[in-house]
Amino acid sequence: QVQLVESGGGLVQAGGSLRLSCAASGRFFAINAMGWYRQAPGNQRELVARITRGGITDYADSVKGRFTISRDNAKNTVYLQMNSLEPEDTAVYYCSANIRERTTWSNYWGQGTQVTVSS
């Protein structure tokens, strides 16, 4: 069974930094795109950043220049380095990955990790 396990969330003051990690485990053949999404109370889940297997990245306008997504294909892990955090970044952050089990590709989600930025 494929699982995505996130770590690295927490409480930080505005202007601070956090690094999120998400590791895929289980039996699968390949991972394509990986990404981070977030959902604040009362809001829809939104894309924060994503990265292809080859390293092409895409960011939400609100985090450009502050957040950096990266991945280690050998470790099946994606990271999100978050700098200059703002109270508006407070949300539950979810990892997502497009994974091939046997012959089909499916999207998987992590359980979410809370990020809270105090002013």
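Trainee: Which residue meets the side chain of Arg50 in a salt bridge?
Mentor: The model is predicted: local features need pLDDT of at least 70, side-chain atom pairs count only at pLDDT 80 or more, and totals for chains, interfaces and linings use all residues. Residues are numbered from 1 along each chain as its sequence is written, and side-chain values use heavy atoms, with hydrogens and water left out. A salt bridge needs a side-chain nitrogen of Lys or Arg within 4 Å of a carboxyl oxygen of Asp or Glu. At 3.0 Å, N to O, the partner of Arg50 is Asp58.

Trainee: Is Asp58 buried, partly exposed or exposed?
Mentor: Buried means under 20% relative accessible area, exposed over 50%, and partly exposed in between, with a 1.4 Å probe and protein chains only. Arg50, at 40%, is partly exposed. With a relative accessibility of 30%, Asp58 is also partly exposed.

Trainee: How many salt bridges does a search of the whole structure find?
Mentor: Arg50 with Asp58 is one example. Arg66 with Glu86 is another, at 3.9 Å. The search of the whole structure gives 6.

Trainee: How far apart are the closest N and O atoms of Arg38 and Asp89?
Mentor: These two side chains form a salt bridge.

Trainee: Which residues do salt bridges with shared partners join into one network?
Mentor: Start with Arg66 and Glu86, whose side chains meet at 3.9 Å. Arg66 lies in the loop between β6 (57-59) and β7 (67-72) and Glu86 in the loop between β8 and β9, so the pair ties together parts 20 residues apart in sequence. Arg66 is buried at 11%, whereas Glu86 is partly exposed at 33%. Shared partners give one network of Arg38, Glu46, Arg66, Glu86 and Asp89.

Trainee: Why is strand β9 largely enclosed by the rest of the structure?
Mentor: β9 spans residues 91-101. Strand β4 (residues 30-39) runs antiparallel to β9 and is joined to it by 8 bridges (strands pair if DSSP finds at least two bridges between them). β9 is largely enclosed because, of its 11 residues, the number buried is 8.

Trainee: How many bridges pair β9 with strand β10?
Mentor: β10 covers residues 104-109 and pairs with β9 in the antiparallel sense. Ala97 has Tyr108 as its bridge partner. The two strands form a hairpin with 2 residues between them, and Arg102 in the turn has a positive phi of about 55°. The bridge count for β9 and β10 is 6.

Trainee: Which residue in β11 stands opposite Tyr93?
Mentor: β11 (residues 113-118) is antiparallel to β9, with 3 bridges. Opposite Tyr93 stands Thr113.

Trainee: Which backbone oxygen does the side chain of Ser96 reach?
Mentor: Ser96 sits in β9 and is buried at 9%. Its contacts (heavy atoms within 4.5 Å), leaving out residues up to four places away in sequence, include Leu4, Met34 and Trp109. A polar contact is a pair of N or O atoms within 3.5 Å; within protein, one must be able to donate a hydrogen and the other to accept it, and residues adjacent in sequence count only if both atoms are side-chain atoms. At 3.4 Å, the backbone oxygen reached by Ser96 is that of Tyr108.

Trainee: What is the angle between the ring planes of Tyr37 and Trp109?
Mentor: Rings of Phe, Tyr and Trp (its six-membered ring) pair if their centres lie within 6.5 Å; planes under 30 degrees apart are stacked, over 60 edge-to-face, and the rest tilted. The whole structure has 1 aromatic pair. Tyr37 and Trp109 form an edge-to-face pair, 5.0 Å centre to centre, with an angle between planes of 65°.

Trainee: How far from the ring centre of Trp109 does Arg45 lie?
Mentor: A charge sits over a ring if NZ of Lys or CZ of Arg is within 6 Å of the ring centre and within 35 degrees of the ring normal. Arg45 is in the loop between β4 and β5 (46-51) and is partly exposed at 36%. Arg45 lies over the face of Trp109, at a distance from the ring centre of 4.7 Å.

Key. Helix = DSSP H or I, 4+ residues; strand = E, 2+ residues; numbered from the N terminus.
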